[in-house]
Amino acid sequence: MIDLHELGVVIEVVKTVEKIVVEEQLNKIDTLVLQIGELSSMIPRYIELCYPAAVDGTILQDTKLEIEVLPGNGICKNCSKVFNLLKNDRICPKCESREWELLCGREFMIKEIIAC
């Protein structure tokens with residue numbers, strides 16, 4: 001099953017990449033690399049499933065998709081320990097505080113467009 005939320009987002013990514021391809025006068029794209037934070041609302045598996053439908057009939061039709069998942073890290077407000085929020089149930093592994101500040105993990109971005 002394809003999630004419509006992810007499909008809409010991937011279609012917008014494809015439009016953005018197509019615009020870049022035209023502006024930069026690139027001939028052929030081999031690979032599109034996306035970075036998705038593990039705390040993002042985007043689910044990498046769904047993005048992968050949506051990709052073929054989103055690129056069908058576009059200049060990206062024959063491209064590969066690579067997804068890099070970025071960790072959801074926070075920093076403890078009490079002891080300054082940087083830790084993965086998901087792996088530690090959002091509790092600092094050093095002092096067990098639940099007071100933290102998000103450092104990264106909500107990203108969703110185009111990292112790289114690899115041309116042939």
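Is S80 buried, partly exposed or exposed? S80 counts as partly exposed, because its relative accessibility is 49%, where buried means under 20% relative accessible area, exposed over 50%, and partly exposed in between (1.4 Å probe, protein chains only). The model examined here is predicted, so local features need pLDDT of at least 70 and side-chain atom pairs count only at pLDDT 80 or more, while totals for chains, interfaces and linings use all residues. Residues are numbered from 1 along each chain as its sequence is written, and side-chain values use heavy atoms, with hydrogens and water left out.

S80 is placed in the loop between β3 (73-76) and β4 (82-84); helices (H or I, at least four residues) and strands (E, at least two) are DSSP runs, numbered from the N terminus. The phi angle of S80 is near 70 degrees, a positive value in a residue other than glycine. Most residues other than glycine have a negative phi. A positive phi, near 65 degrees, also occurs at E96, likewise a residue other than glycine. E96 belongs to the loop between β4 and β5 (100-104) and is exposed, since its relative accessible area is 63%.

The antiparallel strands β3 and β5 are joined by four bridges, and I75 has E101 in β5 as its bridge partner. Strands of a sheet pair through backbone hydrogen bonds.

A UniProt annotation, "binding site" (unreviewed entry), covers C76, C79, C92 and C95; UniProt positions are given in the numbering used here, feature names are shortened, and annotations may be inferred rather than shown by experiment. These four positions are spread over 20 residues of sequence yet cluster in space, with a largest C-alpha distance of 8.7 Å. C79 lies in the loop between β3 and β4 and counts as partly exposed, because its relative accessibility is 23%. Not counting residues up to four places away in sequence, C79 touches C92, K94 and C95, contact meaning heavy atoms within 4.5 Å. C92, in the loop between β4 and β5, counts as buried because its relative accessibility is 1%. With residues up to four places away in sequence again set aside, C92 touches C76, C79, K81, F83 and S97.

UniProt also lists H5 for "binding site" (unreviewed entry). H5 is located in helix α1 and is partly exposed, with a relative accessible area of 44%. Its contacts, not counting residues up to four places away in sequence, are S41 and M42. T16 is found in helix α1 as well and is partly exposed, at a relative accessible area of 38%. T16 and I36 are 20 residues apart in sequence, and their C-alpha atoms are 17 Å apart in space.

The largest nonpolar core has 17 residues, of which V10, V14, V17, L32, I47, Y51 and L60 touch the most other members; a nonpolar core is a set of buried Ala, Val, Leu, Ile, Met, Phe, Trp, Tyr and Cys residues joined through side-chain atoms within 4.5 Å. Two or more residues of this core come from each of α1 (4-23), β1 (29-37) and α2. The most are given by α1, with six residues. Leaving aside its neighbours within four places in sequence, V17 is in contact with L32, L60, I110 and I113. Another core, of five residues, lies apart from this one and has L39, C76, F83 and C92 among its members.

T58 is located in the loop between α2 (44-55) and β2 (64-70). T58 counts as buried, because its relative accessibility is 19%. A polar atom of the T58 side chain lies 2.7 Å from the backbone oxygen of V55. Not counting residues up to four places away in sequence, T58 touches V14 and E18.

Conventions. Polar contact = N/O pair within 3.5 Å; in protein donor to acceptor, adjacent residues only side chain to side chain. Pairing = 2+ DSSP bridges.
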